[in-house]
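Subject: Structure handover

Dear colleague,

Here is the structure I said I would pass on. My notes on it follow below the sequence and coordinates.

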Amino acid sequence: VVTLLNLRQTETRSPYFTSVAGDARDLSRYGDQSFDVVFSNSVIEHVGELADQRRMADEVRRVGRRYFVQTPNRYFPIEPHFLFPGFQFLPEATRVWLLGNCRLGTYERVTDPRKALELVREIRLLSLKEFRRLFPGARFYRERFCGLTKSFIAYAGW
């Protein structure tokens with residue numbers, strides 16, 4: 001059975017999938033190495049600050065006998081969520097202003113400045129150095145696009 005962990009439980013139509021609501025930073029309901037494989041694709045950059053990302057990484061390593069975690073590269077020139085060159089390096093106030101005045105990526109204009117700030121703060125991209133520290137002992141793969149590293153994958157247990 002595949003367990004799908006999301007912030008909200010979703011409906012599944014297959015007996016081979018079960019959906020649970022939860023937080024990847026706290027998997028205390030699961031025992032050590034209780035999953036054959038933990039797979040996470042572009043989640044860790046959404047869980048909060050570096051300390052929150054560490055909590056998620058610790059939980060992934062604890063509950064999975066094997067894991068595969070992917071995240072975008074902070075230094076790829078196009079920010080992958082907002083599809084704006086260098087967006088991740090702009091001052092927070094500039095990013096909020098851009099969200100309030102432009103359609104970026106899949107985001108419509110966000111006219112509420114508090115909501116725009118929340119969206120800006122929701123994403124914290126990782127460098128390879130930070131990602132390596134979160135997953136000691138893992139192997140790393142660089143996904144490339146046009147010769148540039150667009151994302152990283154940490155994997156272990158294989």
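This is a predicted model: local features need pLDDT of at least 70, side-chain atom pairs count only at pLDDT 80 or more; totals for chains, interfaces and linings use all residues.

**Overall layout**

The C-alpha trace spans about 45 × 35 × 30 Å along its principal axes. The protein has 158 residues, and 39% of them count as buried. Of the contacts between residues at least 6 apart in sequence, 53% join residues at least 24 apart.

**The cores**

The largest nonpolar core has 23 residues. Within it, I44, V60, Y67, F131 and F135 have the most contacts. Two or more residues each are given to this core by β3 (35-41), α1, β4 (64-72), α4 (128-134) and β8 (148-156). The largest share is that of α1, with four residues. Beyond four places in sequence, V60 touches V38, Y67, V69 and F135. Another core lies apart from this one and has 13 residues, including F87, V96, A116 and L119. As a general point, nonpolar side chains in soluble globular proteins tend to be buried together.

**Helix α3**

Helix α3 covers residues 113-122, and A116, L119 and V120 are buried in it. Seen down the axis of α3, these buried residues fall within an arc of 100°, so they line one face of the helix. R114 and R121, on the other side of α3, are exposed. Helix α2 (92-101) is part of what covers the buried residues of α3. A116 and L119 are also among the residues of the 13-residue core. At the start of α3, the backbone nitrogen of R114 has a side-chain oxygen of D112 within 2.9 Å.

**Aromatic residues**

The count of aromatic pairs comes to 10. One of them joins F84 and F87, edge-to-face, at 6.1 Å centre to centre and with 75° between the planes. F84 counts as partly exposed, at 25% relative accessibility, whereas F87 is buried, with a relative accessible area of 2%. For F131 and F140, the ring centres are 5.8 Å apart and the planes are at 70°, so this pair is edge-to-face. F131 is buried, with a relative accessible area of 0%. F131 and F140 belong to one aromatic cluster together with Y67, F135 and F152. Of these, Y67, F131 and F135 were listed above for their contacts inside the largest core.

Two arginines lie over aromatic rings. R66 is over the face of W158, at 5.6 Å from the ring centre. R74 is over the face of Y75, at 5.8 Å from the ring centre.

D52 lies in helix α1, which covers residues 50-63. D52 has a relative accessible area of 18% and is buried; the cut-off for buried is under 20%. What does the side chain of D52 make a polar contact with? The partner is the side chain of R25, at 3.4 Å. Leaving out residues up to four places away in sequence, D52 touches R25 and V47.

S40 is found in strand β3. S40 is buried as well, with a relative accessible area of 6%. Beyond four places in sequence, S40 touches M56, F68, V69 and Q70. V69 is also touched by V60.

Q9 has its place in the loop between β1 (2-6) and β2 (17-21). Is Q9 buried or exposed? At 57% relative accessibility, Q9 counts as exposed. Apart from neighbours within four places in sequence, Q9 is in contact with S19, V20 and A21. The side chain of Q9 reaches the backbone oxygen of S19 at 3.1 Å. Q9 and G22 are 13 residues apart in sequence, and their C-alpha atoms are 8.1 Å apart in space.

Regards

Conventions:
Residues are numbered from 1 along each chain as its sequence is written. Side-chain values use heavy atoms; hydrogens and water are left out. Buried means under 20% relative accessible area, exposed over 50%, partly exposed in between (1.4 Å probe, protein chains only). The arc is that of the directions from the helix axis to the C-beta atoms. Contact means heavy atoms within 4.5 Å. A polar contact is a pair of N or O atoms within 3.5 Å; within protein, one must be able to donate a hydrogen and the other to accept it, and residues adjacent in sequence count only if both atoms are side-chain atoms. Rings of Phe, Tyr and Trp (its six-membered ring) pair if their centres lie within 6.5 Å; planes under 30 degrees apart count as stacked, over 60 as edge-to-face and the rest as tilted. A charge sits over a ring if NZ of Lys or CZ of Arg is within 6 Å of the ring centre and within 35 degrees of the ring normal. A nonpolar core is a set of buried Ala, Val, Leu, Ile, Met, Phe, Trp, Tyr and Cys residues joined through side-chain atoms within 4.5 Å.
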